[in-house]
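Dear colleague,

I am passing the structure on to you with this message, and my notes on what was found in it follow directly below.

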Amino acid sequence: MSNEDRQLPGFIMCVCTGKCPGFQKMDIWDFINQVRVELPVEYGFIHPQLCEEDGDRFLADFLKSHRKVIIGACAPNMQRKMFKQAFKDAGMDLEQDAVMLDIRDMTNEQAISVVKDALKKLNLLEE
Ligand code: SF4
């Protein structure tokens with residue numbers, strides 16, 4: 001099946017308000033542009049603080065599409081705690097429908113490599 005035939009995941013990068021030291025090694029704009037233009041995702045964008053109340057409201061709207069999502073943000077265990085309910089409320093399963101990636105304290109190259117590995121596991125990129 002080619003990537004045109006299958007539903008591609010959305011990619012959300014969360015940058016912890018943009019002030020967090022965890023994203024200072026990276027040019028977040030170069031990173032998200034590379035993800036959305038070069039990698040097999042339906043779209044990619046930056047959210048400022050996904051675990052805040054407006055982030056919950058955003059996820060409630062966004063997950064209505066039931067599209068799988070890759071979340072590039074903080075540690076998966078933290079994401080798990082913060083997003084589980086939003087996925088449940090949308091009738092989705094966080095473990096099945098989300099790929100949670102920790103991309104803090106990385107250069108662009110390192111973070112892109114983490115995203116590529118996740119896409120390979122989803123069979124959307126060749127090994
Ligand atoms: S989801 Fe993670 S990366 Fe995003 S604001 Fe919350 S703690 Fe920071």
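Around the ligand stand C14, C16, Q49, L50, C51, A73, C74, M78 and M82, a residue being near a molecule if its C-beta atom, placed from the backbone, lies within 6 Å of it. By class, this shell holds eight nonpolar residues, one polar and no charged, where Ala, Val, Leu, Ile, Met, Phe, Trp, Tyr, Cys and Pro count as nonpolar, Asp, Glu, Lys and Arg as charged, and the others, Gly among them, as polar.

Please bear in mind that this is a predicted model, in which local features need pLDDT of at least 70 and side-chain atom pairs count only at pLDDT 80 or more, while totals for chains, interfaces and linings use all residues. Residues are numbered from 1 along each chain as its sequence is written.

Turning to the sheet, four strands form an open arrangement in the order 2-1-3-4, with parallel pairing; strands (E, at least two residues) and helices (H or I, at least four) are DSSP runs numbered from the N terminus, and two strands pair if DSSP finds at least two bridges between them. Strand 2 (43-47) and strand 4 (98-102) are at the edges with a single partner strand each, so one side of each is left without a neighbour in the sheet. From one strand to the next the twist averages 20°, angles running from 0 to 180 degrees between N-to-C directions of axes, which are lines fitted to C-alpha atoms, for helices over the stretch in contact. Strand 1 (residues 10-14) runs parallel to strand 2 and is joined to strand 2 by five bridges, with F11 opposite G44.

Helix 3 (residues 76-89) lies across strand 3 (69-73) and strand 4, and runs at about 150° to strand 4. Helix 2 (residues 53-62) packs with helix 3 at an angle of about 35°, their axes being 9 Å apart. D56, L59 and A60 of helix 2 make this contact with F83, A86 and D89 of helix 3, two residues being in contact if their C-beta atoms, placed from the backbone, lie within 7 Å. The contact of helix 2 with helix 3 has four nonpolar, no polar and two charged residues.

Helix 1 (residues 28-38) and helix 5 (residues 108-121) pack at about 30°, with axes 10 Å apart, and are therefore roughly parallel to each other, a term used for angles under 35 degrees. Here D30, F31, Q34 and V35 in helix 1 meet N108, A111, I112 and V115 in helix 5.

Methods
Angles under 35 degrees count as roughly parallel, over 145 as roughly antiparallel, 65 to 115 as roughly perpendicular and the rest as oblique.
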